[in-house]
Amino acid sequence: MSKTKTKNTTTTTTNAQSKTLASAHRFHFISGLPRSGSTLLAAILRQNPRFHASMTSGLGSLVNGTMQMMSPGSEVALTLEDGQREAVLRGLFESFYQNNDRDVIFDTNRIWTSRMPLLQALFPQSKVIACVRDLPWVVDSLERRSRDNPYHFTRLFGQGQGTVYSRAEAMMQHEGIIGRAYSGLKEAFYGEQAQNLLIVEYELLAKAPQKILPLVYDFLGEPDFEHDFEQVEFDAPEFDEALGATGLHTVRPKVELQSRRTILPPDLFQKFQDMNFWRDLNASEANVIAAQPKDKRKG
């Protein structure tokens, strides 16, 4: 059903790691492509009383903004040394979750795959789980959110609100909702920190969570936990309504793969096929849980 490649996750203790171990939390990160199971994975993981996991947080944007202020070219940068930059950024993570009493924090943001060197420097023991899906089905799922809200435009597509073709083009642009996440995922997959990356395909997670979660726990180096895949729920109606995409983060109680036909025109569906670079297990040091490719337009 799947191909897996795992690596030894044992790391050598360094001074930086000692700092991390002394911190209030242990950090891991959820990232990857939109509409590919990150909210589902977080909803499952949060059943573990030691774990905090949720939908996309604002931490990634705060980190980006802070790094911009501390980077060369700004007045602030002239007053800082690298040790101060490190302390400020690590403190930002801790401050963001200072009121959270869980031992392990999973912060979700699609930006993390493009910040692997930073995460490795700040939290050497941290791991990144990237949820992925066949690109045509990512486009299909986002297009469905548009059609489920027919009385207004959604903020998901920027200015590309005209037709399914213009919406797909807007999403796949370099700064589009899919394009940016896809580029960041490729950067992480082929980068120097790829051994700290676990790629999980949505299809397998939804079809066989009881088989996938033990692999996730093994990758994280965490003791097993018995999850209830019949009672997994998550919703963020206010957030979704603000985006004009009702139901975007709704998770059904039972984890299962629901078969359906695509709503994309055949030529558009075909355009985004065969873009699953993560299935080339010899091209990267990343850990991969991936299904065999299929050609049918029924998912």
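This passage describes the predicted model of a protein chain, from its overall make-up to a few individual residues.

The structure is a predicted model, in which local features need a pLDDT of at least 70 and side-chain atom pairs count only at pLDDT 80 or more, while totals for chains, interfaces and linings use all residues. Residues are numbered from 1 along each chain as its sequence is written, and side-chain values use heavy atoms, with hydrogens and water left out. The average pLDDT (the predictor's confidence in each residue, from 0 to 100) is 85 for the protein chain, and 81% of the residues score at least 70. Residues 5–21 fall below 50, and this stretch makes 27 contacts in the model beyond near neighbours in sequence, a contact meaning heavy atoms within 4.5 Å. Residues 294–298 also stay under 50, with 16 contacts beyond four places in sequence. Where pLDDT is low, the predicted coordinates should not be read in detail.

The protein chain holds 12 helices and seven strands; these are DSSP runs numbered from the N terminus, with helices (H or I) of at least four residues and strands (E) of at least two. Of its 299 residues, 52% count as buried. Here buried means under 20% relative accessible area, exposed over 50%, and partly exposed in between, using a 1.4 Å probe and protein chains only. Among contacts between residues at least 6 apart in sequence, 78% join residues at least 24 apart.

Tyr182, Leu185 and Phe189 are among the buried residues of helix H8, as are Gly179, Ala181, Gly184 and Ala188. Helix H8 (residues 179–190) has 12 residues and spans 17 Å from first C-alpha to last, close to the expected 16 Å, the expectation being 1.5 Å times one less than the number of residues.Next comes a polar site around Ser141 and Arg35. Ser141 belongs to helix H6 (residues 135–147) and, at 3% relative accessibility, counts as buried. Its side chain is joined to that of Arg35 by a polar contact of 2.8 Å, a term for a pair of N or O atoms within 3.5 Å; within protein, one must be able to donate a hydrogen and the other to accept it, and residues adjacent in sequence count only if both atoms are side-chain atoms. Arg133 and Arg260 also contact Ser141. Arg35 itself sits in the loop between strand E2 (26–32) and helix H2 (38–45) and is partly exposed, with a relative accessible area of 23%.

Backbone angles bring Arg35 up again: its phi is near 55 degrees, a positive value in a residue other than glycine. Most residues other than glycine have a negative phi. Asp274 has a positive phi too, near 60 degrees; this residue lies in the loop between helix H12 (266–271) and strand E7 (287–291) and is exposed at 73% relative accessibility.

Finally, Arg110 is found in the loop between strand E4 (104–108) and helix H5 (116–122), where it is partly exposed at 33%. Beyond four places in sequence, Arg110 touches Ser31, Gly32, Leu33, Pro34, Ile177 and Ala181. Arg110 and Arg180 are 70 residues apart in sequence, yet their C-alpha atoms are 8.5 Å apart in space.
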